[in-house]
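Welcome! Let's take a short tour of the structure below, going from its overall layout down to single residues.

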Amino acid sequence: MDTFQHSTPNKSTKGRASQDITLAVIHYTGSENEQSAIDWFESSEGKVSAHYVIARNGDIHQFETIYAKLWHAGDSVWRGKKWCNGCSIGYELCGTFDSGFTEEQYDSLCTLLIRDVEATRIDSIVGHEHIAPGRKIDPGPNFDWDRVRDWFTDNKQVIFIEGKPFTSKPEEVIEPKEIFIDDSGIFTKEIPAEINSGIDPQEEKQEKREEGFVGRLILWLLELLK
Ligand SMILES: [Zn+2]
């Protein structure tokens with residue numbers, strides 16, 4: 001297993017601190033070939049990215065540090081919090097709905113998860129399908145969540161796996177009714193489906209405002225220097 005560093009233009013201008021990171025989101029890329037995902041994340045065209053792409057042989061392609069806000073979750077909600085890009089790390093497994101995933105991929109993924117959980121406040125490991133139900137289906141039924149559970153059996157920090165409460169004793173599992181709560185506090189699974197992966201509209205507005213301010217300040221300073 002090798003690790004390769006890349007970068008992506010598809011990220012929010014502001015980063016975040018480790019205590020802001022509370023969620024790990026697992027995806028599949030839709031292709032078994034890692035190069036197509038790498039090219040797509042390196043291009044500004046699709047406006048999507050993730051922290052890691054994990055190839056079929058277990059190689060890890062990392063795009064930015066975990067402190068960058070990358071664009072993999074899109075319109076999403078987890079435990080009442082909308083737009084999960086800001087609080088999450090994205091793990092993309094090369095594969096499709098039908099392909100299943102390799103031993104090497106599970107090993108690399110779980111190694112990264114363990115490391116990232118230790119470095120942050122991640123308390124939930126979910127699939128894209130759990131935070132954008134009805135809109136997203138990855139990583140799908142061929143992803144083996146028990147592999148992840150096995151790696152976290154004795155971990156006290158991770159309390160949700162596979163979008164439901166995690167415990168090593170299955171009889172203690174309770175129904176996760178509080179998971180999908182909209183702004184009005186109503187339990188819902190309805191999530192608007194129009195946006196694929198992208199930017200929190202509130203954050204985008206804020207960034208535009210700040211850019212505008214900096215631009216005006218520079219023009220004003222240039223005026224003074226004339
Ligand atoms: Zn996804």
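## The sheet

Eight strands make up an open sheet with mixed pairing, in the order 1-4-3-7-2-8-9-10. Two strands pair here if DSSP finds at least two bridges between them; helices (H or I, at least four residues) and strands (E, at least two) are DSSP runs, numbered from the N terminus. At the edges stand strand 1 (3–5) and strand 10 (164–165), each with a single partner strand, so one side of each has no neighbour in the sheet.

Please keep in mind that this is a predicted model: local features need pLDDT of at least 70 and side-chain atom pairs count only at pLDDT 80 or more, while totals for chains, interfaces and linings use all residues. Residues are numbered from 1 along each chain as its sequence is written.

Inside the sheet, strand 3 (residues 52–54) and strand 4 (residues 60–62) run antiparallel and are joined by three bridges. Val-53 has His-61 of strand 4 opposite.

## Helices across the strands

Helix 1 (residues 34–42) lies across strand 3, strand 4 and strand 7, and runs at about 165° to strand 3. Helix 2 (residues 103–119) lies across strand 2, strand 3, strand 4, strand 7 and strand 8 (124–127), at about 170° to strand 7. For these angles, axes are lines fitted to C-alpha atoms, for helices over the stretch in contact, and angles run from 0 to 180 degrees between N-to-C directions.

## The largest nonpolar core

Which residues touch the most other members of the largest nonpolar core? They are Ala-24, Val-25, Ile-54 and Tyr-91, in a core of 46 residues. Strand 2 (residues 23–28) gives the most to this core, with five residues. A nonpolar core is a set of buried Ala, Val, Leu, Ile, Met, Phe, Trp, Tyr and Cys residues joined through C-beta atoms within 7 Å.

Leaving aside residues up to four places away in sequence, the contacts of Ile-54 (C-beta atoms, placed from the backbone, within 7 Å) include Ile-60, Tyr-91, Leu-93 and Leu-109.

## Backbone details to look for

Arg-79, in the loop between strand 5 (77–78) and strand 6 (81–82), has a positive phi near 50°. Trp-83, in the loop between strand 6 and strand 7 (88–93), has a positive phi near 55°. Neither residue is glycine.

Are they buried or exposed? A residue is buried if 20 or more other C-beta atoms lie within 10 Å of its own, exposed if 12 or fewer, and partly exposed in between, with C-beta atoms placed from the backbone. Arg-79 has 17 such neighbours and counts as partly exposed, whereas Trp-83 has 21 and counts as buried.

Finally, a cis peptide bond joins Asp-138 and Pro-139, with omega about 5°. Pro-139 sits in the loop between helix 3 (128–131) and helix 4 (145–151).

Note on methods: Two residues are in contact if their C-beta atoms, placed from the backbone, lie within 7 Å.
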